[in-house]
Amino acid sequence: MQSKTNILSLPEEELVYPGNRACAGCALGIAYRIGLKALGKNTIIVVPPSCLTVLQGLFPIAATKLPSLNVTFASTAAAATGLLGALKALGKKNINVVGWAGDGGTSDIGLQSLSGACERGDNFLYICYDNEGYMNTGVQRSGTTPLGALTANTPIKGKLQQKKDVSTIMAAHGIEYVATCSAAYPLDLFDKIRKALTYNGVKYLHIHTPCPPGWGFEPRYAVKVGKLAVETGLFELYEVDRGHMRLTGASNKLLEKRKLLPATDYFRAQSRFKTLSDAQIEEIQQDIDTRWKGYFESLNNT
Amino acid sequence: MQIIESGNVAAALGVKLSRAQVIAAYPITPQTPLTEKLSELIEAQDMQAQYIPVESEHSALAVCIAASSAGARAFTATSANGLLYMHEQIHWAAGARLPIVMCVVNRGVGAPWTVWNDHQDSISQRDTGWIQLYANDHQQIIDYTIKAFLLAEEMMIPVMVCYDGYLLSHTYMPFDVPEQSRVDDFLPPYKPAYALDPGSPANLNTVTLPDVRADINGKMAHGYMEIRHLLQEDMRGSMDMLVRVETRFKNIFGRGVGPFIESYQCDDARYIAVALGSLSYHLRDVVDTLRSEGIKAGVMSVQIYRPFPAAAIAEALKKCAGIIVFEKALSYGYQGPLCSDIKSAIFHNAGNTGSHPFVLNYILGLGGREIVTKDLYDAFKASCIDKPEKVDDLRWIGLKI
């Protein structure tokens, strides 16, 4: 296994300027800053409309120190393919092509082009930062909004459907590397990006990204809320490495400790779940317990 | 070299000779033989290019947009609903000022489904900021495909090369295939002022404010409206560039087009038919018949529909008594779009003289309805009178209702 990055071994050079237009406490700001350090300067980034478009700034001033191509909402992956085609045609080698999109741009409107690129085996890294809704347009539900979350268009009952599991969909394409991350664990994110870049074809990273205004918590709690999602076992950090799934980082530690925090700690830290009843949380808790029972058992069997 | 081949193969050979570097396409009838030919040329290593078989037309243009932004010569082709599925990207490519070339193999638009020819698909993309060229035969298809890359790259505006589905795409005609070395003389490699490059990072197509804004050094940069104004200015300017492109082409290959219009028997014509594409050549037969009967008829094709060559058209039509516009497209609730544009073009002549020719508008051939020469003749002949009645009424040819 590769050595783990720590705060002292992170590259010092910043590839995104401070003072950008992200909201106070935005966890995307953490993921993007550390993610770009992992990608390095020799990178071209593709960005569809999303909170990242806002973070990137307003013409003629840009926050990102990498060449960036803003594209239409549905076309992130196809644009990445086009960049690869051009680089190949022009004989330019060893440039990382990266699509960095939100959950709406990935799980909903961008899924078709992403699936097409996976099937073709186009060699780029696709990063989805999942803040669980259309936050940039004012907090509407997306495919990855979880059950029970209040949004601007699920304003009274909360979302009635389950969160779409994009990482599993991506793994079903048989691509070489799929991993989940959390903005609350940026060093794990750094290591997974570095690892992803060593594989061929589309590589997919899914980053759980807490959103203070969209989820309803104070800006200072973004990391805390992100950690709660992992420590309650609700959001697992894992990788699917050439078909082999294993828990990683903080989730792997939970596996060793065999102790999860109660899910209610996560739900009660955010106002978007205020209409979720104790009984509903208990149901979700049972789902988590069943899932983790499986992890514990598979650990016993190895 | 003279060969006999289909219109789609003519287009494919034009793309090959232009050394397109990235080609993305999604199958749609009647475009498919064009992109099949390109994939064959590339697989057989007769052509050096990246062929990307995308999962949709929206992605086809996304690939071209990104490839062009990174400095590669990009090509795609489509028809009908495929073109409409690209619509958002069509605007995007023009707004981003990318010199992509796209063949539009004209086909009617659903619903209901039709695979046959009319012009509704490309005409409905009129206001996207793309240059639109219309080919009348196979020679024009291959020549326009090559010229389109030069025109696009000189102006940094994307170009559609439009030609009739089936009537041209699937019929076989003799045409000359230019030599590669002479095409290379005509069309130098694509070298944009900026291409995405980690060595000189830039953020393209960023959110742009309604007003102008200073950069970090205090220098004012354009707002959205300035960027749009420049596209309009350059669209108008691309007519001058088309003249230069045609002259250059004629000097190297010894043949050429208009550049804005092709006139047949129009010099002394009292009645002039106007049409786009192969229909204009069909009308030449009718003109010959009418001339043999002593009627001074002529026909004019519009070769470039956007930018619209209003001055050249007004000049060509200023002496005639009547203009008859034959169209395979419709602006529902009004009239044929070309007819509206022709009326607009002759308006400034009318303003000077106080009089203008009458303008009649015939709609025909929608969804591949057969265009019978006798019907064209009857309609044209019936229009060759000094004071037709109900000039504002839309007239239909071949309608069985």
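User: How many bridges join strand S2 (residues 68-70) of chain A to S9(B), and what makes the two strands a pair?

Analyst: Two bridges join S2 of chain A to S9(B), and the strands run parallel. Strands pair if DSSP finds at least two bridges between them, so these two count as a pair. Within S9(B), Leu204(B) is the bridge partner of Leu69(A). Strands here are DSSP runs (E, at least two residues), as helices are (H or I, at least four), numbered from the N terminus. This is a predicted model, where local features need pLDDT of at least 70 and side-chain atom pairs count only at pLDDT 80 or more, while totals for chains, interfaces and linings use all residues. Residues are numbered from 1 along each chain as its sequence is written, with chains lettered from A and ligands numbered from 1 in the order in which they are written.

User: Why are H7(B) and H9(B) called oblique to each other?

Analyst: Helix H7 (residues 138-155) and helix H9 (residues 224-253) of chain B pack at about 130°, with axes 9 Å apart. Axes are lines fitted to C-alpha atoms, for helices over the stretch in contact, and angles run from 0 to 180 degrees between N-to-C directions. Under 35 degrees is roughly parallel, over 145 roughly antiparallel, 65 to 115 roughly perpendicular and the rest oblique. The helices are therefore oblique.

User: What makes residues of chain B count as in contact with chain A, and how many are there?

Analyst: Two residues are in contact if their C-beta atoms, placed from the backbone, lie within 7 Å. By that rule, 40 residues of chain B are in contact with 39 of chain A. H3(B) gives the most to this side of chain B, with nine residues.
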